[in-house]
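Student: Could you take a close look at a single part of this model for me? I would like one connected account of how its elements are arranged.

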Amino acid sequence: PGEEEDKQGRPFVGRAGQLLTKCIEKAGYKREEVYIANINKCRPPLNRTPTIEEQEACIPFLLRQIEIINPQVLCLLGSTAYRGIFKKETKITKERGSIKDFMDKKVYITFHPAYILRNPKEEETFCQDIKNVFKLLGD
């Protein structure tokens, strides 16, 4: 979570979250129709990337959220989420657009919206990825 997420206690409410919401709406859905969670439940000091140990401390909470919500599809936003779920490092540009399995669920991998804020030329690709996530619901 970033600073705004820490303040509000809700995931993806800052600038990156606004971009995510925009892409969800472009796909024809409302943010309220999706469940959004963070791998880490608190912001690391200086907003640095969470360590593996920090992720491991939070993963049981995320797994329980997935159990309770029981989504059809998961969408991992960025390499930190990928590392937390699949327990390996990757370059998100290599995995972006791929579909994997986790907990008997389809998992779509894409960029983190904060990456898009730094690389606006990728916004169309990111929004298309979000549309692709929703297309998986029909499969």
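**The sheet, a helix contact and the rings**

Tutor: Three strands form an open sheet of mixed pairing, and their order across the sheet is β1-β3-β2 (strands are DSSP runs of E with at least two residues, helices runs of H or I with at least four, both numbered from the N terminus; two strands pair if DSSP finds at least two bridges between them). The model is predicted, so local features need pLDDT of at least 70 and side-chain atom pairs count only at pLDDT 80 or more, while totals for chains, interfaces and linings use all residues. Residues are numbered from 1 along each chain as its sequence is written, and side-chain values use heavy atoms, with hydrogens and water left out.

The edges of the sheet are taken by β1 (73-77) and β2 (99-102), each of which has a single partner strand, so one side of each lacks a neighbour in the sheet. From one strand to the next the twist averages 35°. The pairing of β1 with β3 (residues 105-110) is parallel and runs over five bridges, and Val73 stands opposite Lys106 in β3.

Turning to the helices, α3 and α4 (residues 79-86) pack at an angle of about 70° with their axes 10 Å apart (axes are lines fitted to C-alpha atoms over the stretch in contact, and angles run from 0 to 180 degrees between N-to-C directions). The two helices α3 and α4 are therefore roughly perpendicular, a term that covers 65 to 115 degrees. On the α3 side Ile52, Gln55, Ile59 and Leu62 meet Thr80, Arg83, Gly84 and Ile85 of α4, where contact means heavy atoms within 4.5 Å. Gln55, which lies in α3 (residues 52-69), has 2% relative accessibility and so counts as buried (under 20%; exposed is over 50% and partly exposed in between, with a 1.4 Å probe and protein chains only). Beyond its neighbours within four places in sequence, Gln55 is in contact with Ile39, Asn40 and Pro50, as well as Thr80, Arg83 and Gly84.

Because they are four residues apart in α4, Tyr82 and Phe86 are separated by about one helical turn, and both are buried. Ring pairs link Tyr82 and Phe86 with Phe102 into a cluster.

Technical notes: Parallel < 35°, antiparallel > 145°, perpendicular 65-115°, else oblique. Phe/Tyr/Trp six-rings, centres within 6.5 Å; stacked < 30°, edge-to-face > 60°.
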